[in-house]
Amino acid sequence: MASSNTSALSWLFAAMVAALSAFAGCYVGYKHQTEHWTAADTALGEEHEVPYDQTEALQLIEDALRGDGILFELQPDNSIITLWRNADFNTPTGWFIIEVQPRYRYEIQVVSEGSHKSKIIVNVRTESIPDDQLASYKASNRFALFKEIDELASRFPPPSSTPATGGVNFTMLPNEDLKALATRATGNAQNWQVIAKDNGLASPTDVTPFQNVWVRNSLLKRTTTP
C-alpha cells in the first residue's frame, strides 16, 4: 500500500511540474509576443529632393498616398504618419504556435532647403519583420512613392515667379550655384545677389539643377546668349 501511495504521489508531483513548466513557457511566449508586438523593431530611412517649397511638397506627398489608397494622418508639425498596414506573412511565437501579424507604417517629413527646394525624408517603421525583408517595405520599393511624386510634379509644375519680360531665363547647370551663373551670364559673380532678389531666392545655393533663373537685361554681358 505504501508503495502504491508513493507511486501516486510521484505521478502527481510530475504532473504538477509539467503543468508549471507549460504555464511558464506560455507566459514567456506571451511576454515575448507582447514585447515584440508593442515595441517597434526598426526604422529604415530614405531621402528624395524636389524643386518645391515645403507646402507644395507636402501636397504632392498627400496626393501620391491617396492615389495608392494609403491612409495617413497629418501631424501638428506637418509631418505625415500613415496608418499601420499588415505585412504579407505571419510570424509564429511562443510554445503554442500563436500567429503574430507583422506590420509597418511610414513616417514622412519635409525639410525646407530653400524657397524652391525641399527634402522628403521617409522612414518605414516595422514590427516583427525580419531584417532581410526590411528593404522590400521601403516606400520607394513598396509603392514607388518617389517616382509617383515626380510624375505628379511633372504634370503640375510649380508656377513661375520670374518676370516675363525685361530679362532672360537661364537654365541652371548641374553643380552650378547663383555665383557661377552670375559669372556665366553677367561676367561678375557678385551679381548673384541681384539675381537672387529678382527670383525670390535666399542664398547662392537656393537652386536646383535645370531650374530656370531670370537675369535682368541690364546685368547681361553684351555677347551673352541664353
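I call a residue buried under 20% relative accessible area, exposed over 50%, and partly exposed in between (1.4 Å probe, protein chains only). This is a predicted model, so I keep in mind that local features need pLDDT of at least 70, side-chain atom pairs count only at pLDDT 80 or more, and totals for chains, interfaces and linings use all residues. Residues are numbered from 1 along each chain as its sequence is written, and side-chain values use heavy atoms, with hydrogens and water left out.

**Entry 1: salt bridges**

I looked for a side-chain nitrogen of Lys or Arg within 4 Å of a carboxyl oxygen of Asp or Glu, which is what I call a salt bridge. I found 10 of them in the structure. For helices (H or I, at least four residues) and strands (E, at least two) I use DSSP runs, numbered from the N terminus.

Lys 119 pairs with Glu 47 in a salt bridge, with 3.5 Å between the closest N and O atoms. Lys 119 sits in strand S8 (residues 118–127) and Glu 47 in strand S1 (residues 42–50), so this pair ties together parts 72 residues apart in sequence. Glu 47 counts as exposed because its relative accessibility is 51%.

Next I checked Arg 125, whose side chain meets that of Glu 107 in a salt bridge at 3.1 Å, N to O. Here S8 is linked to strand S7 (residues 103–112), the two residues being 18 apart. Is Glu 107 buried or exposed? Glu 107 counts as buried, at 16% relative accessibility, while Arg 125 is partly exposed at 25%.

Asp 198 and Arg 216 form a salt bridge too, with the closest N and O atoms 2.7 Å apart. Asp 198 belongs to helix H6 (residues 192–199) and Arg 216 to strand S10 (residues 212–216), so parts 18 residues apart in sequence are tied together. Asp 198 is buried at 18%, and Arg 216 is partly exposed at 31%. I also noted that shared partners join Glu 47, Glu 113 and Lys 119 into one salt-bridge network.

**Entry 2: the H6–S10 loop**

Pro 204 is in the loop between H6 and S10, and is buried with a relative accessible area of 16%. Taking contact as heavy atoms within 4.5 Å, I see Pro 204 touching Asp 177, Leu 178, Lys 179 and Trp 192, residues up to four places away in sequence not counted.

**Entry 3: rings**

I paired rings of Phe, Tyr and Trp (its six-membered ring) if their centres lie within 6.5 Å, with planes under 30 degrees apart as stacked, over 60 as edge-to-face and the rest as tilted. That gave me 3 aromatic pairs. Tyr 104 and Tyr 106 have ring centres 5.8 Å apart and planes at 75°, so I logged them as edge-to-face. Tyr 104 is buried at 2% relative accessibility, and Tyr 106 is buried at 2% as well. Tyr 106 also pairs edge-to-face with Phe 143, at 6.0 Å centre to centre and 80° between the planes. Tyr 106 lies in S7 and Phe 143 in the loop between helix H3 (139–142) and H4, so parts 37 residues apart in sequence are tied together. Ring pairs link Tyr 104, Tyr 106, Tyr 137 and Phe 143 into a cluster.
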